[in-house]
Amino acid sequence: MPQPPNMANMLKQVQKMQADMVAAQESLKSETVEASAGGGMVTVKMTGDLVLQELKIDPDAIDPEDPEMLGDMVQAAVNEAIRAAQELAATKMSGLTGGMDLGSLGLPGL
């Protein structure tokens, strides 16, 4: 006859995983990603928790006749940095959960 799952043991495992995930989320604050657009005319540095740290614009990118182009480059660089930061976070989290989707469990931060 199969033994019922050990609920206390399962709870300990979930609590450890939750603590590890909180620690991983904290570590994302100190990791950065970089992205650029316009052949490096606009460069963005962002933390793994999606805080924009740095935005560099090459003076040659500033064309008073075409401000929309500069806006497009900034938008492209920021969006690429967000994508890279989210990918970094997903990689960190999937290592902790073994690829399981735990969002449905209602754990904080998922």
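This passage describes the fold of one protein chain and the surroundings of two of its residues.

The structure is a predicted model, in which local features need pLDDT of at least 70 and side-chain atom pairs count only at pLDDT 80 or more, whereas totals for chains, interfaces and linings use all residues. Residues are numbered from 1 along each chain as its sequence is written, and side-chain values use heavy atoms, with hydrogens and water left out.

The protein chain contains two helices and three strands, where helices (H or I, at least four residues) and strands (E, at least two) are DSSP runs numbered from the N terminus. Read from the N terminus, the order of these elements is α-β-β-β-α. Of the 110 residues in the protein chain, 24% are buried; the term buried denotes under 20% relative accessible area, exposed over 50%, and partly exposed in between (1.4 Å probe, protein chains only). The protein chain exposes about 7,500 Å², of which carbon and sulfur atoms supply 56%; accessible areas come from the Shrake-Rupley method with a 1.4 Å probe, and for residues only the protein chains shown count as cover. Among contacts (heavy atoms within 4.5 Å) between residues at least 6 apart in sequence, 50% join residues at least 24 apart.

Strand β2 (residues 42–47) is joined to strand β3 (residues 52–57) by five bridges, and the two strands run antiparallel. Strands are taken to pair if DSSP finds at least two bridges between them. Within this pairing, Val42 stands opposite Ile57 in β3. The two strands form a hairpin with four residues between them, and Leu50 in the turn has a positive phi of about 70°.

Thr47 belongs to strand β2 and counts as buried because its relative accessibility is 3%. Beyond its neighbours within four places in sequence, Thr47 is in contact with Leu28, Lys29, Glu31, Thr32, Gln53 and Ala85. The side chains of Thr47 and Asp49 are joined by a polar contact of 2.4 Å, that is, a pair of N or O atoms within 3.5 Å; within protein, one must be able to donate a hydrogen and the other to accept it, and residues adjacent in sequence count only if both atoms are side-chain atoms.

Ala35 is located in strand β1 (residues 32–37) and has a relative accessibility of 7%, so Ala35 is classed as buried. When neighbours within four places in sequence are set aside, Ala35 is in contact with Val42, Thr43, Val44, Ala77, Glu80 and Ala81. Although Ala35 and Glu80 are 45 residues apart along the chain, their C-alpha atoms are separated by 5.9 Å.
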